[in-house]
Amino acid sequence: MLFNSIEFAVFLPIVFLLYWFVFNVNIRIQNLFIVVVSYIFYGWWDSRFLLLMGATTLFSWLSGIFIEKFHINNNKKVAGIVSLSNIILNLGILGCFKYYNFFVESFVDAFVLFGRPLEINTLKIILPVGISFYTFQALSYSIDVYRRKIEPAKDVVSFFAYVSFFPQLVAGPIERATNLLPQFYKARKFDYTESVDGLRQILWGLFKKIIIADNCAVIVNSVFDNYQNESASTLLLAAIFFSFQIYGDFSGYSDIAIGTARLFGFQLMRNFNYPYFSRDIAEFWRRWHISLTTWFRDYIYFPLGGSRGTMYKTIRNTFVIFLVSGFWHGANWTFVVWGLFHAILFIPLLIGKKNRQHTNIVAEETVLPGVKELAQILFTFILVSIGWIFFRSGSVSAAFEYISLLFDRSLFTIPTLNVTTLSVFIFMLIAIEWIQRRSLHGLFQIESFLKYRLGRWIVYILLITLIIQFGGKSDTFIYFQF
Amino acid sequence: MRQFLIETVLFAILLTVFVAVLLWFVPNNKIKNNSLFSSIDKHHRLDSLASPKIVFVGGSNLAFGLNSQLIEDSLKLPVVNMGLHAGFGLKYMLSEVGSSINKGDIVIVTPEYQQFLDNIYLGEKVLIALLFDVDKHNLSFLSFSHFVKLFPQMTKYGVSKLFYKKLDVMDDGGGNEFVRNFNRNAFNKYGDIVLHWNYPNELINPIAQSDKEVKVNLKSVEILAKFKTDMESRGARVFIMPPSLQNSSYKNLASTVSKIEDSLHSHNLYFSIKTSEFAYPDSLFFNTVYHLNKEGLDMRSGKIIEFLKDKF
């Protein structure tokens with residue numbers, strides 16, 4: 001079920017009312033209800049994979065129980081083996097569904113390169129939606145239990161609810177057990193302010209997804225599918241639009257997910273913090289897909305030694321997490337190169353020890369950014385947009401060709417795209433998010449701007465009107481494929 | 001919670017009222033006097049004719065594909081051609097004539113093949129324009145399932161009235177001379193479009209063969225079966241005829257047509273004339289694969305006359 005579908009518009013209010021008025025008998029019943037509706041939500045897409053999700057969840061839960069049992073018996077080694085088996089199982093399933101064909105094809109290509117043709121058949125494998133997200137969530141649990149950062153879930157229902165919680169099931173934010181799981185143990189109380197703001201966050205997410213991302217997609221797809229025949233200025237514009245498409249798509253999804261969770265009394269972690277207002281790449285990665293970046297930091301970067309060792313080790317660890325991050329996004333070399341590209345951009349900041357120079361909010365005390373800040377923001381945006389060309393292209397060679405075509409005299413011609421209306425919307429997005437850059441989302445605390453309810457409601461109706469009228473068509477969210 | 005629910009419901013009501021006001025009260029000036037308004041004239045004729053009469057029910061394959069005067073003169077029975085647009089959907093087409101059918105009437109239902117696929121039988125955006133901007137009385141012909149299917153489009157159509165440029169209901173077909181002159185006056189008193197009789201054929205691309213497996217929506221077949229039973233119980237006679245279709249498209253759609261026929265047979269419904277008999281050479285089509293030119297529509301009308309003569 002998609003957040004931007006009629007089905008979800010019907011599903012959400014029904015689930016909301018049942019959750020607060022029928023199944024609020026006790027936490028266990030409420031959690032069980034969450035599991036049921038989450039499985040319905042997931043099964044709406046493809047019911048064949050419900051069993052897979054259920055089995056991996058059950059295995060992760062059992063591993064938690066056993067890890068704790070062996071810990072109590074001071075058998076840390078066996079506890080480690082159990083944790084490791086759970087990791088191998090989860091990654092194995094992920095690998096089979098997501099990376100099998102990639103490895104086979106790369107293996108065959110490598111043999112061909114050395115003059116030894118090889119024939120291995122690939123399989124027609126359907127990637128279960130959201131598998132990378134819930135697998136990582138299950139992994140974090142198992143690791144945290146092993147590290148004794150969290151008590152294992154005694155209640156299987158709470159654990160199933162934690163893994164399958166529908167707002168964030170298919171595209172995150174990737175929650176840590178330490179944050180989300182305890183929320184399933186506590187009684188939830190309806191909070192008026194949280195719920196109202198949750199609805200606003202959903203509305204803002206829909207705006208970003210339906211108006212920005214879906215409309216950008218039309219232009220981006222037409223240009224990227226035919227990039228050899230486009231002028232450099234058109235290619236440049238399409239690359240910029242893809243930056244907004246992927247931001248609108250994914251941060252829009254995250255806003256809807258977080259807003260929906262707030263309606264049910266849950267606090268999910270923040271996933272985006274206005275990344276395009278970043279002044280360097282390091283800041284960008286503190287603001288983009290925060291739940292994944294911090295996941296890699298906590299479970300890969302830190303265990304590898306983080307930045308505590310020599311500069312060589314720090315650089316090596318940085319490369320590792322960017323490559324893994326690229327690989328996580330998909331079984332294609334384009335994602336690996338994208339990760340590598342960002343790692344390369346990161347290194348100068350690491351060497352100069354400037355990777356944490358921008359931890360505050362840009363132009364914190366002023367209305368507009370200074371010239372230097374503006375230049376930094378624009379430069380970072382250009383770098384990020386170049387990276388997105390790798391991300392979006394069908395192959396690495398196509399990405400390089402796309403970039404090379406940008407350096408052409410036709411860069412100074414007028415692009416052959418009609419983007420006036422969309423540009424107005426993108427400007428609107430930038431302006432609103434700039435004003436709100438200290439806040440959680442674009443419509444956060446709108447009361448401070450519009451004192452009267454009628455004024456606020458007019459704004460909501462205006463946004464809904466724009467979404468209905470100017471919404472692009474889309475069947476899915478980009479991050480579903482990851 | 002109480003406050004939250006009250007506010008949410010109030011907001012939903014406000015939003016609904018806002019869209020309803022747009023739908024109901026704001027006129028769509030883009031369709032002023034366009035061909036949809038001929039529906040009023042068709043209804044007027046349908047209600048004014050005494051029984052027995054011949055009523056043609058379908059989409060634009062009928063509007064562009066009949067010489068009703070020829071039929072009326074040959075059979076000595078008054079004829080009304082209700083065909084206008086396939087986008088109204090089969091369910092609405094049947095519903096809008098249902099109450100006007102009496103004993104002795106002959107109803108000829110000629111649905112485009114698409115009416116049996118997906119849920120086109122419940123109508124499309126053009127139906128909303130007809131209902132809210134042409135004749136609001138026709139709203140009474142809608143069922144609950146219409147509202148369920150059309151609700152998102154109704155909302156969009158209502159909102160689009162705020163943005164004049166976004167208002168489009170009929171395909172403008174490239175804005176050629178025929179399209180510019182195509183309006184309510186393009187029809188004769190029987191309900192046939194006559195404007196195109198003097199225009200040359202346009203280039204028409206045939207419907208391509210589909211790779212996807214075609215599935216017939218049995219709901220539309222059931223609706224047709226029920227209509228037939230209801231009308232026959234009133235003493236009317238109902239014949240189902242295939243639409244006229246460009247030969248090359250007919251060949252590409254062969255398996256789809258066959259599946260539709262199978263589904264009709266499963267409900268004891270049969271085309272009164274073979275589908276192949278209404279597949280005409282491409283040169284007899286005017287601007288779409290369903291729209292005949294004058295020569296083609298005369299041939300088709302002749303075939304219908306021939307068929308009906310046997311029934312008296």
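The structure is a predicted model, in which local features need pLDDT of at least 70 and side-chain atom pairs count only at pLDDT 80 or more, while totals for chains, interfaces and linings use all residues. Residues are numbered from 1 along each chain as its sequence is written, chains are lettered from A in the order in which they are written, and side-chain values use heavy atoms, with hydrogens and water left out.

**Interface of chain A and chain B**

- The contact (heavy atoms within 4.5 Å) draws 22 residues from chain A and 19 residues from chain B.
- Between them the two chains bury about 1900 Å², of which 83% is on carbon and sulfur atoms; buried area is the accessible area (1.4 Å probe) that two parts lose on being put together, summed over both.
- The rule finds 1 salt bridge across this interface, where a salt bridge is a side-chain nitrogen of Lys or Arg within 4 Å of a carboxyl oxygen of Asp or Glu.
- R453(A) pairs with E7(B) in a salt bridge whose closest N and O atoms are 2.9 Å apart.
- On the side of chain A that touches chain B, the elements giving two or more residues are α1 (6-22), α8 (192-224) and α17 (453-470), helices here being DSSP runs of H or I with at least four residues, numbered from the N terminus.
- Of these elements, α17(A) gives the most, with 10 residues.
- By class, this side of chain A has 17 nonpolar, 4 polar and 1 charged residues, with Ala, Val, Leu, Ile, Met, Phe, Trp, Tyr, Cys and Pro counted as nonpolar, Asp, Glu, Lys and Arg as charged, and the others, Gly among them, as polar.

**Largest cavity**

- The structure holds 2 cavities of 30 Å³ or more, a cavity being a set of points on a 1 Å grid over the protein atoms alone where a 1.4 Å probe fits but cannot get out, with lining residues having an atom within 4 Å of a point.
- The largest cavity holds about 100 Å³ of space, and among its 17 lining residues the closest to its centre are K208(A), S251(A), D255(A), F272(A) and L440(A).
- Helix α9(A) gives the most to this lining, with 5 residues, and the lining as a whole has 6 nonpolar, 7 polar and 4 charged residues.

**Second largest cavity**

- The second largest cavity has a volume of about 30 Å³, and its lining consists of S39(B), K42(B), H43(B), M82(B), L84(B), F88(B) and E96(B).
- Helix α2 (residues 38-48) of chain B supplies the largest share of that lining, 3 residues.

Terms used
On a 1 Å grid over the protein atoms alone, a cavity is a set of points where a 1.4 Å probe fits but cannot get out, and a pocket is an open set with protein on both sides within 12 Å along at least five of seven lines; lining residues have an atom within 4 Å of a point. Grid points are joined across faces, edges and corners, and a volume is the space filled by probe spheres set on the points.
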